[in-house]
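Subject: The structure we talked about

Hi,

Here is the structure I promised to pass on. Have it open while you read the rest of this email.

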Amino acid sequence: MKRDDLKDLVRRFLKGERTEEISRRIRDALREISPSELSGIEEELGGEFGEEELLRLCDLHLSAMQGDEGINVPRGHPLSILLEEHEFLKGAMEEGRKVLEETADLSRLRELVGYLKEYDNHKLREENALFPFLDKHQMSRPVQVMWSEHDIQRQKIREVERVIEEGALEEVRVRFLELVDLIGKHFAKEEGVLFPSAMRLLSFEEWIQVKVSMDEVGYCSFSPPEAAARIKEAGKPDLGGAEIRLPTGSFSLRELEAMLNTLPLDITFVDAEDRVRYFNEPRERLFPRTKAIIGRTVQQCHPQKSLPLVNRILEEFKSGQRDVAEFWIDVKGRKVHIRYFAVRDSDGRYLGCVEATQDVTDLKKLEGEKRLLDEP
């Protein structure tokens, strides 16, 4: 089938013309085209349809892939780790279903939901290690769909936690089974479409980089033992001899790197083309960052729901309407202050922006005065 013919069929399907004949023809065509070709069609139709409509196309793609043999990866491969975590979580969700049917033991259910909460680490590894490489292979639309589903899951898991604490058994049952269905369908899409596509697209060298980035994020308590076999990056360049001279002083690159990593801030620099160029590596990061994001547009580093705000801030920075944007949120019981600063040269030309994120929980508690070297 010609590409334009498939695109026309997909458009008709997304507009509601979901006859068995159209669905069959699309499924047949999807079996023949590459993931990047499908992603290109999705990108072209992205301006006509929202995420919900494109999710339906993802479901159709899954249907087309059903019956395939799946993927075969060696133990320790990044996808093997993700797949084994899927199996553990499927078991936890099935046990939770039985608990609700047989014993209504909310204490045990709370423990099982704890695993689903920890599953956020699994999602972060996908978002920060796997998704950047799929973006490079023109799979941005499927990545955004998966990321959107991750955010929906995060919200639903919080809702399940809340109703368990409230102890309303029927509400717990409804919310938990809804969550299980949601995650189950998501896993099916990853295992039937996203992961096989990744296997076809990524090179051996790219999988090495994916594993390095996954190691940077860390793993779950239920990750398979082989996840602990960390891959060391190629040796870093010797920065000792290089020197940077500025109007108010100078330092070596090694000193600059150490200084930026010592600051009690997470710093990320985005250039004038909206591409991530640098982030520091403080001892304790507030949000995960991996080297896989270097070179990506900042839009590709945010979920779909955040893009309107991100683009608005960048547009106002570039136009000169704004120089600073800030907000604060609660993260794991801590108050986190996030600021964006427009970076301009001495002539006022926009060079990019800096994101500075800081845990200000303890700063908010300061009262009176404390002199240097006073006992704490």
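This is a predicted model: local features need pLDDT of at least 70, side-chain atom pairs count only at pLDDT 80 or more; totals for chains, interfaces and linings use all residues.

**Helix pairs**

A quick bit of background: a pair of packed helices is described by the angle between the two axes and by the distance between them.

Let's begin with α5 (residues 78-102) and α8 (residues 169-201). Their axes come within 10 Å and cross at roughly 160°. Angles over 145 degrees count as roughly antiparallel, so that is what α5 is to α8. The crossing of α5 past α8 is left-handed. Which residues touch? From α5 they include Leu79, Leu82, His86, Met93, Gly96 and Leu100, and from α8 they include Leu169, Val172, Phe176, Ile183, Phe187 and Met199. Counted by class, this contact of α5 with α8 has 15 nonpolar, two polar and six charged residues.

While you have α5 on screen, you can check its length. After α5 comes Ala104, which has a positive phi, near 55°.

Next, go to α6 (residues 106-136) and α9 (residues 204-217). Here the axes come within 9 Å, crossing at roughly 150°. That makes α6 and α9 roughly antiparallel too. The crossing of α6 past α9 is right-handed. On the α6 side you'll find Asn121, Leu124, Arg125, Asn128, Ala129, Leu130 and Phe133, which meet Glu206, Trp207, Gln209, Val210, Ser213, Met214 and Val217 of α9. The contact of α6 with α9 splits into eight nonpolar, four polar and two charged residues.

The last pair is α1 (residues 3-14) and α2 (residues 20-30). These pack at an angle of about 135°, with axes 10 Å apart. Among the residues of the contact of α1 with α2, seven are nonpolar, one is polar and two are charged.

**Strands**

Some background again: strands in a sheet pair through backbone hydrogen bonds, and the pairing can be parallel or antiparallel.

In this model, five strands make an open sheet, in the order β4-β3-β7-β6-β5, with antiparallel pairing. Which strands stand at the edges? They are β4 (276-279) and β5 (324-331); each has a single partner strand, so one side of each has no neighbour in the sheet. From one strand to the next, the twist averages 20°.

Zoom in on β3 (residues 266-271) and β7 (residues 350-359): these antiparallel strands are joined by six bridges. In this pairing, Asp266 sits opposite Thr357 in β7. Now look for helix α11 (residues 307-319), which lies across β5, β6 (334-344) and β7 and runs at about 130° to β7.

There is one more pairing to find. Strands β1 (residues 243-246) and β2 (residues 249-252) pair in the antiparallel sense over four bridges. A hairpin of two residues links β1 to β2, and Leu246 faces Gly249 in β2.

Methods
Residues are numbered from 1 along each chain as its sequence is written. Side-chain values use heavy atoms; hydrogens and water are left out. Axes are lines fitted to C-alpha atoms, for helices over the stretch in contact, and angles run from 0 to 180 degrees between N-to-C directions. Angles under 35 degrees count as roughly parallel, over 145 as roughly antiparallel, 65 to 115 as roughly perpendicular and the rest as oblique. A crossing is left-handed if the near helix is turned anticlockwise from the far one by less than a right angle, and right-handed if clockwise. Contact means heavy atoms within 4.5 Å. Ala, Val, Leu, Ile, Met, Phe, Trp, Tyr, Cys and Pro count as nonpolar, Asp, Glu, Lys and Arg as charged, and the others, Gly among them, as polar. Two strands pair if DSSP finds at least two bridges between them.
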